[in-house]
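Have the model open while you read.

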Amino acid sequence: MTVPSAPPAQVPAQPRPATRPRRAAAQAEPSRTALVRRARRINRELAELYPDAHCELDFTSPLELLVATILSAQCTDKRVNQVTPVLFARYRSAADYAAADRDEVEKIILTTGFFRAKTTSIIGLGQALCDRFGGEVPGKLKDLVTLPGVGRKTANVVLGNAFGVPGITVDTHFGRLARRFGWTTSDDAVKVEQEVGALFPRSEWTMLSHRLIWHGRRICHSRRPACGACPLAALCPAYGEGPTDPVVAARLVKSGPFS
Ligand code: SF4
């Protein structure tokens, strides 16, 4: 006698996982080697995507770049570039800034915001350069950060773009993207600089900074990153943080130039 086999148990429908497998896999903690490999692959993809990435502030000398970078705090590069031709024509040297008339500088840089504090920084910068550096912009981080209005971010911009010394510029875009890529979890700019710097050869630092900033301005926005239109989607652990629908995402992409 054959014993009838028991009917198959009813398997209740499994709820769909909250995160898609692709994203979950990508979010798993990668090994150090995998992290470095993926980081460098992302950098290569960004290099192809933005072959012309560069500092979007206009300048012709370290002093001009230093002043422009101070002005760019809480202001767009485009706005700074509208103001600097007049400023740079009027003040050509550190001594010119040191002896500048406050009201006159304030008027010129008014539209960049925080113009009183920026005027104080620029005049103080001119005085400090004359007093301590013979009127020249120093080419070392340790000296640059002692100048009024100059923090590590500004110093690295100047080192990387005016002196050819590799530097990582941790601005709001760089920090956000570095966290989305899983290169750091820190909000502290110095820590971000150190942790990201350890993933790449020094020779890549300056261009990596430009590329991340360009991608942040164009596609990987703070509030709604255009994930569905992002060429890095397959490599990015944060894919899905913004809309993945290609049509919706395409509308979020901003085209430069931003200067
Ligand atoms: S996939 Fe989304 S989060 Fe990742 S880099 Fe692209 S836009 Fe940014």
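1. The lining of the largest pocket comprises nine nonpolar, 14 polar and eight charged residues (Ala, Val, Leu, Ile, Met, Phe, Trp, Tyr, Cys and Pro count as nonpolar, Asp, Glu, Lys and Arg as charged, and the others, Gly among them, as polar). This pocket has a volume of about 680 Å³. Of its 31 lining residues, Asp 77, Asp 171, His 173, Ile 213 and Arg 217 are the closest to the centre. Two or more lining residues come from each of α4, α9 (152–162), α10 (172–180) and α12, and α12 gives the most, with six.

2. A word on provenance and terms. This is a predicted model, where local features need pLDDT of at least 70 and side-chain atom pairs count only at pLDDT 80 or more, while totals for chains, interfaces and linings use all residues. Residues are numbered from 1 along each chain as its sequence is written, and side-chain values use heavy atoms, with hydrogens and water left out. Helices are DSSP runs (H or I, at least four residues), numbered from the N terminus. Pockets and cavities come from a 1 Å grid over the protein atoms alone: a cavity is a set of points where a 1.4 Å probe fits but cannot get out, a pocket is an open set with protein on both sides within 12 Å along at least five of seven lines, and lining residues have an atom within 4 Å of a point. Grid points are joined across faces, edges and corners, and a volume is the space filled by probe spheres set on the points.

3. The structure holds one cavity of 30 Å³ or more, and the largest cavity has a volume of about 100 Å³. Among its lining residues are Cys 220, Cys 227, Cys 230 and Cys 236, along with His 215 and Arg 180. By class the lining has nine nonpolar, one polar and two charged residues.

4. His 215 also turns up in a helix contact (heavy atoms within 4.5 Å): Asn 43, Leu 46, Ala 47 and Leu 49 of α2 meet Leu 208, Arg 211, Leu 212 and His 215 of α12. This contact has five nonpolar, two polar and one charged residues. The axes of α2 (residues 32–49) and α12 (residues 205–218) come within 10 Å and cross at roughly 70 degrees (axes are lines fitted to C-alpha atoms, for helices over the stretch in contact, with angles from 0 to 180 degrees between N-to-C directions). The two helices are therefore roughly perpendicular (angles under 35 degrees count as roughly parallel, over 145 as roughly antiparallel, 65 to 115 as roughly perpendicular and the rest as oblique).

5. Now α3 (residues 62–71) and α4 (residues 77–90): their axes come within 10 Å and cross at roughly 135 degrees. That makes α3 oblique to α4. Glu 64, Val 67, Ala 68 and Leu 71 of α3 contact Val 80, Val 83, Thr 84, Leu 87 and Phe 88 of α4, a set of seven nonpolar, one polar and one charged.

6. What is the angle between α3 and α7? The axes of α3 and α7 (residues 115–133) cross at roughly 155 degrees, coming within 10 Å, which makes α3 roughly antiparallel to α7. Val 67 and Leu 71 are among the α3 residues here, with Leu 125 and Leu 129 among those of α7.
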